Amino acid sequence: MQIKILWADDEIDLLKPHILFLEAKGYEVTPVNNGSSAVEKSNEENFDIIFLDENMPGITGLEALTRIKQSKPHVPVVMITKSEEEYIMEEAIGSNIADYLIKPVNPNQILLSIKKSLDKSKLVSQKTNSNYQQEFREMGMQLNSRLDTEEWFEMYEKLIYWELKLNDIEDSGMKEILEMQKKEANTQFSKFIENNYLNWLNGVDESPEMIHTLFKNKINPKLESEDVFVVVIDNLRYDQWKMIRPIFAKYFAIENEEIVYSILPTATQYARNAFFAGLMPSEIAKKHPQYWKGENDEGGKNLFEKELLAEQLKRLNRDVKFSYNKITNLTAGKKLADNFNQLLTNQLNVIVYNFVDMLSHARTEMEVIKELAGDESAYRSLTVSWFDHSPLHDIVKKIAASGKKLVITTDHGTVRVSNPIKIVGEKSVNTNLRYKAGRSLTYKDKDVFKVKNPEDAFVPKTSINGEYVFARDQDFFVYPNNYNHFVNYYNDTFQHGGVSLEELLIPFIELSPK
């Protein structure tokens, strides 16, 4: 279909060579010599793009732009002007122009502007596909080698980078290839964890930075000389961080952005308690039994995070005034934002924000949320929409205005499950779909990552012969009883507790106010 162009300029006759050039390229050009005619023509006909001279007698280009946008808001408009005055540029850009050209313009500039405005999506898609195809082969070769901890960080960053890039284009073919490569990466990563995780914890091999050492090694040193806010967004994946990162970048310079390891099970009661205590779960149970709730204990499992943080600060000989706030609903978030100034007398302020975790659970239980977050892309978008309109956004802006440092992290991520694994256990076995803890568990060894002796993984025993088994990749555990019902119910939901890149590799971000 021929692309139609409207070009308004009071010296349109002098632009005849430009118009002939465009017509030779296959474009249909309608020339007019004043702003009123431009507005009239745009109302009468549908144009794919409009060129407006800014300095025309009668209705100026800016006035014509305003009127055209009122009736045809989605038509790209290119402003052309002799003037380089800043206010004219600001007016035009504020009116949502597609491009801004300074006279004299040559035909190739016009052609480039048309392609930028009309073919950008197609050109970006082609270039993105081409670039990923080149890197696909390199990443495939890397996955067939023995990656170390740092190389796995780099691999995951690449996968997320391409997932977000390919998400912006219409071609679904490359997205499907990336999804296959991501599955292969998760398979290899699971093998990596099975071969190395217990060695890290038991000092056989050098350990990477993990969530239970994070506060001591990364946050504690900052308290020597500055006040720090720490925001723990429960269940925040690295790709979700990348999506909300531009919002933070408005107010903060990002000093350090890295990936660290969570612990197994990648579940809140283990990972977040480990963060606040600076200890592994079995160590918490031994040192602070009053603050640890086991799998079979009644009540909430994360009720003593403030107390565990106080104990860690004491062990670190860090005598600071600190606050701890856990936000689980909108009202609590607004209250904290309203009372923000009360936090400024503290050297350390810790805020736990639970929204993303609640979102993943709500997506499982509520059909309307499942429709809103139907796939990975929609799940990320919903996270951005929530944050942008949440009290946490207001709190973040106030932290920046106060001049304080900010740390953003999480306890674990979540993975979208699709492959049911049968398992049998006693009634006392926990209900999590990505890990099981207990005795007399029946399963196929090839289907799980098994920790026969919980002490090796620094997790508390649930019974004398108790063990832990973890689902890998996109697997989830289902009991044989009413098997089909639960497979259908939990398939394509976001779960955590097991072994995957999404659950174990978590963001740790350090920011300074601009």
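Mentor: Let us begin with definitions. Strands (E, at least two residues) and helices (H or I, at least four) are DSSP runs, numbered from the N terminus, and two strands pair if DSSP finds at least two bridges between them. This is a predicted model, in which local features need pLDDT of at least 70 and side-chain atom pairs count only at pLDDT 80 or more, while totals for chains, interfaces and linings use all residues. Residues are numbered from 1 along each chain as its sequence is written, and side-chain values use heavy atoms, with hydrogens and water left out.

Trainee: What is the order of the 6 strands in the open sheet?

Mentor: The order is β7-β18-β10-β6-β9-β8, with mixed pairing. β7 (252-261) and β8 (322-327) each have a single partner strand, so one side of each lacks a neighbour in the sheet and both are edge strands. Neighbouring strands are turned by 15 degrees against each other on average, direction ignored; axes here are lines fitted to C-alpha atoms, for helices over the stretch in contact, and angles between N-to-C directions run from 0 to 180 degrees.

Trainee: How do you know that β6 and β10 are joined?

Mentor: Pairing requires at least two bridges, and 5 bridges link β6 (residues 228-233) to β10 (residues 405-409); the two strands run parallel. Val232 has Thr409 of β10 opposite.

Trainee: What makes helix α9 one that packs on the sheet?

Mentor: Contact means heavy atoms within 4.5 Å. Helix α9 (residues 211-219) touches β6, β7, β9 (348-353), β10 and β18 (505-513), and its direction makes about 20 degrees with that of β18.

Trainee: Why is helix α11 called largely enclosed?

Mentor: A residue is buried under 20% relative accessible area, exposed over 50% and partly exposed in between (1.4 Å probe, protein chains only). In α11 (residues 268-277), 10 of the 10 residues are buried, so the rest of the structure largely encloses this helix. Among them are Arg272, Phe275 and Phe276. Just after α11, Gly278 takes a positive phi of about 70 degrees. For the protein as a whole, 53% of the 514 residues count as buried.

Trainee: Why is Arg67 called partly exposed?

Mentor: The relative accessible area of Arg67 is 42%, which is why this residue is classed as partly exposed. Arg67 lies in helix α3 (residues 61-71) and touches Val39 and Ile59, residues up to four places away in sequence not being counted.

Trainee: What makes Asp473 a buried residue?

Mentor: Its relative accessible area is 18%, so Asp473 counts as buried. Asp473 lies in the loop between β15 and β16 (475-478) and has a positive phi of about 50 degrees although it is not a glycine.

Trainee: Where does Phe458 lie, and what is its phi?

Mentor: Phe458 is in the loop between β14 (449-451) and β15 (467-470). Its phi is positive, about 55 degrees, although Phe458 is not a glycine. Most residues other than glycine have a negative phi, and most peptide bonds are trans.

Trainee: How do you know that the bond from Lys103 to Pro104 is cis?

Mentor: Its omega is near 0 degrees. Pro104 lies in the loop between β5 (99-102) and α5 (107-118). A cis peptide bond also joins Leu264 and Pro265, with omega about -5 degrees; Pro265 is in the loop between β7 and α11.
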